[in-house]
Amino acid sequence: YFRLYLTVFLYVSAMLIGLTLKEVNMSKPSIAHVMNEFMAFGELLDDAYWEASSIEHKDFIYDIISLFSQEVAELNKLSIQDHHYPYEFITEGIRRAISKVTSLEHELGNIVQRTHTLTDMKEVLSNVLAILEGQAEY
C-alpha cells in the first residue's frame, strides 16, 4: 500500500507543479518486462512480414525484426537472476530502431493489412515505443 500511496502522491504533486507523467518517469521497466514486450513485438512483426503485400514493406519490417532480434539475443544472455534490474539498451542497433519504429507507427495502416495483426500491433507498438523513448532520454 505504501508503494501505491507514494506513486499517487508523486503523480499528484507533479501535476500540481505542472509536470507531465513522462517528465516524472518514476521508474524504468525491468529487463523481464522489456523482454516480454520485445518478444511479443517480434512475433507480430513476423506475422506482418508474411502478410505484407510489397517487397518494400517486407524489407522495412525485416530491418526492424533484425534490430530487435539482436537486442533480444543479448538480453537472453543475461542471467535470469538479473531480470528484475532496470532495462538499458545493450546493442547499438536498438538505438537506431527508434526512428524505424516511429515510422512504423505512422504508416501502420498502410503496412499491416490484416485486422487482427493491426489491432494487436497497435497495443504492443505503443508499449515498445514508450520503452525506447524512455531509454533515449537517459
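Which residue forms a salt bridge with K28, and how far apart are the closest N and O atoms? In this predicted model, the partner of K28 is E88, and the closest N and O atoms of the two are 3.8 Å apart. The pair links distant parts of the chain, since K28 sits in the loop between α2 (21–24) and α3 while E88 sits in the loop between α4 and α5, 60 residues apart. K28 has a relative accessibility of 26% and therefore counts as partly exposed.

**The chain as a whole**

The chain holds six helices and zero strands, and from the N terminus on its elements run α-α-α-α-α-α. Of its 138 residues, 33% are buried. The chain exposes about 8,800 Å², and carbon and sulfur atoms supply 57% of that area. When contacts between residues at least 6 apart in sequence are considered, 70% of them join residues at least 24 apart.

In soluble globular proteins, nonpolar side chains tend to be buried together. In this chain the largest nonpolar core has 35 residues, and the members that touch the most other members are F38, F41, F68, Y87, L104 and L132. Four helices, namely α3 (31–51), α4 (55–76), α5 (92–111) and α6 (115–136), each supply at least two residues of this core. L132 shows how such a member is surrounded: leaving aside neighbours within four places in sequence, L132 is in contact with F38, F68, F89, I94, I98 and V101.

**How α4 and α5 pack**

Two packed helices are described by the angle between their axes and the distance between the axes. For α4 and α5 the angle is about 145 degrees and the axes are 10 Å apart, and the crossing of these two helices is left-handed. On the α4 side the residues that meet α5 are H57, F60, I61, D63, I64, L67, F68, Q70 and E71. On the α5 side their counterparts are G93, I94, R96, A97, K100, V101, S103, L104, N110 and I111. F68 and L104, which take part in this packing, are also among the core residues that touch the most other members.

**Salt bridges**

Side chains of opposite charge can pair when their charged atoms come close. A search of the whole structure finds five salt bridges, and the table sets out three of them, including the pair with which this report began.

| Salt bridge | Closest N to O |
|---|---|
| K28 and E88 | 3.8 Å |
| D63 and K100 | 3.1 Å |

The C-alpha atoms of R114 and E51 are separated by 7.2 Å. E51 counts as partly exposed because its relative accessibility is 25%, and R114 is likewise partly exposed, with a relative accessible area of 43%.

D63 and K100 form a salt bridge in which the closest N and O atoms are 3.1 Å apart. Here the link runs from helix α4, which carries D63, to helix α5, which carries K100, and the two residues are 37 residues apart. D63 has a relative accessible area of 27% and so is partly exposed, while K100 counts as partly exposed at 26% relative accessibility.

Leaving aside neighbours within four places in sequence, T117 is in contact with L44, D47, A48, E51 and V112.

E37 is placed in helix α3. E37 has a relative accessible area of 13% and is therefore buried. Not counting residues up to four places away in sequence, E37 touches V124, N127, V128 and I131.

How values were computed
Residues are numbered from 1 along each chain as its sequence is written. This is a predicted model: local features need pLDDT of at least 70, side-chain atom pairs count only at pLDDT 80 or more; totals for chains, interfaces and linings use all residues. Side-chain values use heavy atoms; hydrogens and water are left out. A nonpolar core is a set of buried Ala, Val, Leu, Ile, Met, Phe, Trp, Tyr and Cys residues joined through side-chain atoms within 4.5 Å. Buried means under 20% relative accessible area, exposed over 50%, partly exposed in between (1.4 Å probe, protein chains only). Contact means heavy atoms within 4.5 Å. Accessible areas come from the Shrake-Rupley method with a 1.4 Å probe; for residues, only the protein chains shown count as cover. A salt bridge is a side-chain nitrogen of Lys or Arg within 4 Å of a carboxyl oxygen of Asp or Glu. Axes are lines fitted to C-alpha atoms, for helices over the stretch in contact, and angles run from 0 to 180 degrees between N-to-C directions. A crossing is left-handed if the near helix is turned anticlockwise from the far one by less than a right angle, and right-handed if clockwise.
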